There are 2 protein chains.
Amino acid sequence: MTTGGISGWQSVQDEVLRRIHTRQWKPGDTIPNEAELSLEFGCARATVNRALRNLAEMGLLDRKRKAGTRVALHPVRKATLDIPVIRRDIEAKGFAYRYSLISRSMREPPIDVRGRMQTRQGDRLLHIKALHMANGRPYVFENRWINPKAVPQALDVDFETNSPNEWLVANIPFEGGDITFSAKTSGQEDAHVLDCGEGEGLFIIDRSTWSGGQIITSVRLTFAPGYRMHTEL
Amino acid sequence: MTTGGISGWQSVQDEVLRRIHTRQWKPGDTIPNEAELSLEFGCARATVNRALRNLAEMGLLDRKRKAGTRVALHPVRKATLDIPVIRRDIEAKGFAYRYSLISRSMREPPIDVRGRMQTRQGDRLLHIKALHMANGRPYVFENRWINPKAVPQALDVDFETNSPNEWLVANIPFEGGDITFSAKTSGQEDAHVLDCGEGEGLFIIDRSTWSGGQIITSVRLTFAPGYRMHTEL
DNA sequence: ATTGGTATTATGTATATACATAAAGAGCTG
DNA sequence: CAGCTCTTTATGTATATACATAATACCAAT
């Protein structure tokens with residue numbers, strides 16, 4: 001039978017994918033509409049819709065009302081990264097996790113942090129420096145600012161045994177945030193804390209999270225040399 | 001009215017989100033099942049399903065058949081990154097794009113590349129080095145290997161005016177791949193090509209793509225200092 | 001030719017219904 | 001009590017139908 005086993009939206013998706021890969025449908029082409037495809041595949045339009053919607057989410061199809069569905073000209077593939085809790089990240093790799101607090105204080109942040117956290121001059125924030133270790137080796141240096149106006153409970157936590165990373169994830173829900181990935185050259189503090197040389201390239205994640213219109217926290221994670229963040233697409 | 005305007009799966013999603021954020025439903029809690037929620041919200045179960053499925057995809061809910069739906073204990077937030085064509089990335093930032101080919105040759109790859117590309121000893125690959133510039137400044141150094149067995153057409157392209165990045169995206173469909181993000185310390189070649197100092201931290205993207213069981217290409221993108229990759233969650 | 005309104009059309013969503021499937025839990029058996 | 005089946009149950013999916021909405025295409029009036 002020519003239809004093989006086309007049943008279920010996944011099969012429809014697979015068949016559409018096949019046609020794209022074999023260039024039966026080339027980038028820029030408008031493909032048949034949902035009604036036609038449902039007829040061809042012998043399934044309901046909703047099933048075709050589910051498949052095409054999914055492919056559009058993956059960035060392989062462009063869909064517009066009335067205009068129809070076309071194969072994406074520039075397949076802007078979307079890689080989805082998991083942003084795990086650091087302890088779980090380390091443990092998932094089979095390493096022993098250890099945590100140690102470096103410092104904890106209230107202070108006025110430098111101007112760049114003030115901008116990111118949208119606080120006024122003179123506002124003091126909770127500042128925490130901590131180190132996460134894998135098998136006894138420094139893994140990532142956590143440099144975090146917490147807004148006490150948004151998270152007053154944080155003032156009662158000493159962060160001696162629990163990292164702010166973990167405490168926040170477990171206790172403070174957030175609505176959204178933004179992440180920036182970059183690289184920097186290790187300075188004196190980095191080299192000291194991460195036990196590496198000065199002038200090494202380090203992987204950086206800067207993250208701010210907000211909820212209810214307030215910035216909750218802003219953190220810089222500085223990873224030890226050799227860190228790699230992997231994903232598939 | 002207490003229900004406000006709960007209609008449409010997005011409203012259902014918003015309401016569920018609200019209950020999570022207000023801790024009415026705490027991490028680990030099992031929430032009412034689809035049938036109950038559809039009754040409460042006065043909509044069809046399919047509508048609730050759509051909303052909850054979406055939230056599960058975002059990593060906020062854990063769903064299992066029979067076990068029910070619960071609020072994720074460790075909200076592994078998924079950040080989706082766009083992986084654009086370099087030229088579009090640069091142009092989107094409002095910079096003038098320029099491209100220049102550095103070298104093009106057939107050669108046997110070093111052992112690490114041979115591993116990534118799954119080729120045998122003695123197999124020769126097409127090796128291309130190229131530079132992408134933004135407003136005349138080096139932006140990213142493209143160091144690519146192409147498998148001529150998978151992409152024989154590439155042998156007829158000189159890549160003088162079109163980057164392999166762009167040519168491949170436009171001409172060779174791929175099924176999947178993997179990406180690794182990391183940082184490295186600039187060496188002599190990096191410093192020369194990217195016009196920066198030696199010993200600077202550089203952002204690295206390593207990507208391999210495959211189709212039909214064959215590795216098509218493997219590339220290392222070395223970004224000039226200051227590059228940042230941004231996303232929201 | 002430009003403007004502007006209207007008809008057309010493909011996707012987007014909601015609905016009730018039905019059946020499939022995974023997995024937990026009960027109950028049975030050795 | 002370990003190990004097995006069977007039942008129960010919540011999610012997963014497919015279906016036909018209906019209506020909503022965005023965006024194009026067409027036609028008329030200026």
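Domain bounds, as used here, come from an automatic or database domain assignment. The exercises below concern a predicted model.

**Exercise 1. Domains of chain A**

Determine which domains chain A is divided into, and how far apart their centres lie.

*Solution.* Step 1: the assignment divides chain A into domain 1, residues 9-71, and domain 2, residues 86-223. Step 2: taken over C-alpha atoms, the centres of domain 1 and domain 2 of chain A are separated by 44 Å.

**Exercise 2. A salt bridge in a helix**

Identify the residue with which Arg18(A) forms a salt bridge, and describe where the two residues lie.

*Solution.* Step 1: a salt bridge requires a side-chain nitrogen of Lys or Arg within 4 Å of a carboxyl oxygen of Asp or Glu. Step 2: the closest N and O atoms of Arg18(A) and Glu15(A) are 3.0 Å apart, and the two residues form a salt bridge. Step 3: both residues belong to helix H1 (residues 9-21) of chain A, where they are 3 residues apart, about one turn of the helix. Step 4: over all chains, the same rule gives a count of 28 salt bridges.

**Exercise 3. The three-stranded sheet of chain A**

State the strand order of the open sheet of 3 strands in chain A, and explain why one side of S1(A) and of S2(A) is left without a neighbour.

*Solution.* Step 1: the order is S1-S3-S2, with antiparallel pairing. Step 2: strand S1 (30-31) and strand S2 (61-64) of chain A stand at the edges and have a single partner strand each, so one side of each lacks a neighbour in the sheet. Step 3: S2(A) and strand S3 (residues 68-71) of chain A run antiparallel and are joined by 4 bridges. Step 4: Arg63(A) has Thr69(A) in S3(A) as its bridge partner.

**Exercise 4. The interface between chains A and B**

Describe the contact between chain B and chain A in terms of residues, area and polar pairing.

*Solution.* Step 1: each side is counted, giving 45 residues from chain B and 45 residues from chain A. Step 2: the two chains bury about 4300 Å² between them, 55% of it on carbon and sulfur atoms. Step 3: His21(B), His74(B) and Leu233(B) supply 13% of the area that chain B buries against chain A, more than any other three residues. Step 4: there are 0 salt bridges between the chains, whereas 16 residue pairs are in polar contact. Step 5: S8(B) gives the largest share of the side of chain B that touches chain A, 10 residues. Step 6: that side of chain B divides into 18 nonpolar, 13 polar and 14 charged residues.

**Exercise 5. Strand pairing across the interface**

*Solution.* Step 2: Ile179(A) stands opposite Thr231(B) in S11(B).

Methods:
Residues are numbered from 1 along each chain as its sequence is written. Chains are lettered from A and ligands numbered from 1 in the order in which they are written. This is a predicted model: local features need pLDDT of at least 70, side-chain atom pairs count only at pLDDT 80 or more; totals for chains, interfaces and linings use all residues. Side-chain values use heavy atoms; hydrogens and water are left out. Contact means heavy atoms within 4.5 Å. Buried area is the accessible area (1.4 Å probe) that two parts lose on being put together, summed over both. A polar contact is a pair of N or O atoms within 3.5 Å; within protein, one must be able to donate a hydrogen and the other to accept it, and residues adjacent in sequence count only if both atoms are side-chain atoms. Ala, Val, Leu, Ile, Met, Phe, Trp, Tyr, Cys and Pro count as nonpolar, Asp, Glu, Lys and Arg as charged, and the others, Gly among them, as polar. Two strands pair if DSSP finds at least two bridges between them.
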